[in-house]
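Q: Could you walk me through this chain? I would like to start with how the pieces are counted.

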Amino acid sequence: LKWARFKGWWWARPVASRALGTTAMPGADELKAKFAQLDENGDGKLDFEELKALLKKGNPSMSNKEITALYQGADKNKDGTIDFEEFVDYIFSDHSVNRSTEGRHARLAAKSAARASVNEGDWSVTERAFHEHVGSDMDGREAAKLCADCKIYDKKFTKTDIDIMFAKVCPRGKRRIDFDGFKDLLRLIAAKKEVDCAEVQTLVVTHHHEVNATKPDAVRFHDDKSTYTGAHTYNENHGPAGAPERDPGRRHSRLHSTTSAAAEGDGREDDWGPVEEKFRDFAGVDMDNREFVRLCTDCELLDKKFNRNDADIIFTKVCPRGHRKIGIDEFKRALRLVAKHKHTETFAIQEQVASSRGPVAHGVTKAEAVRFHDDKSSYTGSHVHNEMHGVGNAMDRTASGRHERLSQETKMHAGTKEDEGDWNSVEAVFEMFATRQHELDGRDFSKMCQDCDLIDKKFFTKNEADIVFTKVKARGERNITFEEFKAAMRLIADKKGIAVGAVQEKVRACTGPHCNATQAEAVRFHDDKNTYTGMHVGK
């Protein structure tokens, strides 16, 4: 009942007694006479207006809401009127109900108490499952987890329902329930799911407790007790293994024996001869970790199943303790471990290694040519006679020998006369640019190449012109003659990849040096001599 109706009933009952004209509880005959007196229309029933008039006599301040609540409470059969029996039952109803908070809790607990069902299973089996899941008692969180692990939740019974039901079976002021409370909880769950309690008991018994916690990664220095040192080696609290097994020497022996057993090669293997040749190509006599990883890379052994980290681990396993390199025997064991890691046969790994082309240069930058390092004829001092610098005798690397060799190479290279035309017309242009008694210096030669349109951006630049001039001029001289200019024309043709005649044609087409100086603007008082006066007239 709502509080308004409860309050209206409770307050109106003594009022009804006062309205009947007596303070003591009246008898049946007196009630019958009073009922007939209140029944104005004589139909043997009291309607709402008649009851309202009765209650207003006892308490004029009663509201229509309170009267309505009282009227509905007295009308047991809900026919809209109050007959004599309903009137008597209301007057003689028990007023001794405990209206305190404790009484309310007791009534609610009795109303919602789980009732034993005839279709229940063996509670002793359920009790063992209860203790296996939670121990001696459980809280609300553990009850919700048990329902999730046992797959009890469905559309009729949700996670919200378990909280409500746990609150019903949990004793007041407590937060945990024992097995008796758990039995009541299962009965309520069965009623909510509209199934037999035995079915819910079966779900609890047949499902095991699930652990959903995060599983930590393996830590070698914690999990591998053979790595313990000092006092921890003999501390029996660290695990069942004895101290001798955790001795450092025993540990390495055990790891080596484990690796050897794994790398004995129980699969099919081919001839190891070609593999040994590739081993020597990559490493020589023995192999370090970097060379092993490089071999795995160049032989295309690395993939998603076998990466560089796996190669490092396998090398560490097969490498003897205290060493940094492995021999051919350890290399064979390493390839067996690679095959096992890739889930393939050893002969397949042998074939990959044997069919490789050997070491591949990855990302090696090719150095540019450096004349003072590569041209050993430019060496001086004690380096001239140092045979560690390369082939060639010492006399070929003297200064005079070097210049003589370069001069001979230039003359031999520039001495060809194939595809050459008449040099007379070329000589005429040469004389136009020669400013020092039929000879060209470096600046004049560079200007002639530029004015004759021999300079380009790709094959023959200004720097190339200076280099050609240095090659053809005599040692100790600063100028070149026409004969040396002819050799320069042949070198230019070779650098541009064209015939010498084509270079001659460009030179013949030149009309002479081009003046690229800035032309001054006209100034009337300087250029117009008619304006001159005084002593400047006529000059």
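A: Helices (H or I, at least four residues) and strands (E, at least two) are DSSP runs, numbered from the N terminus. The model is predicted, so local features need pLDDT of at least 70, side-chain atom pairs count only at pLDDT 80 or more, and totals for chains, interfaces and linings use all residues. Residues are numbered from 1 along each chain as its sequence is written, and side-chain values use heavy atoms, with hydrogens and water left out.

Q: How many helices and strands are there in the chain?
A: The chain has 26 helices and 4 strands.

Q: And what share of the residues is buried?
A: Of the 539 residues in the chain, 34% are buried, where buried means under 20% relative accessible area, exposed over 50% and partly exposed in between, with a 1.4 Å probe and protein chains only.

Q: Where does K332 sit, and is K332 buried or exposed?
A: K332 belongs to helix α17, residues 328-341, and it is buried, with a relative accessible area of 16%.

Q: What is K332 in contact with, leaving aside its neighbours within four places in sequence?
A: With those neighbours set aside, K332 is in contact with W272 and E276, contact meaning heavy atoms within 4.5 Å.

Q: Switching to helix packing, at what angle do α15 and α16 pack?
A: Helix α15 (residues 289-298) packs with helix α16 (residues 308-318) at about 135°, and their axes are 10 Å apart. Axes here are lines fitted to C-alpha atoms, for helices over the stretch in contact, and angles run from 0 to 180 degrees between N-to-C directions. The two helices are therefore oblique to each other, since angles under 35 degrees count as roughly parallel, over 145 as roughly antiparallel, 65 to 115 as roughly perpendicular and the rest as oblique.

Q: Which residues meet there?
A: On the α15 side they are N289, F292, V293, C296 and T297, which meet R308, A311, D312, I314 and F315 in α16.

Q: What about α21 and α25, how do they pack?
A: Helix α21 (residues 424-433) and helix α25 (residues 500-508) pack at an angle of about 50°, with axes 9 Å apart, and that makes α21 oblique to α25.

Q: Which residues make that contact?
A: The contact is made by S425, V426 and V429 of α21 together with Q504, V507 and R508 of α25.
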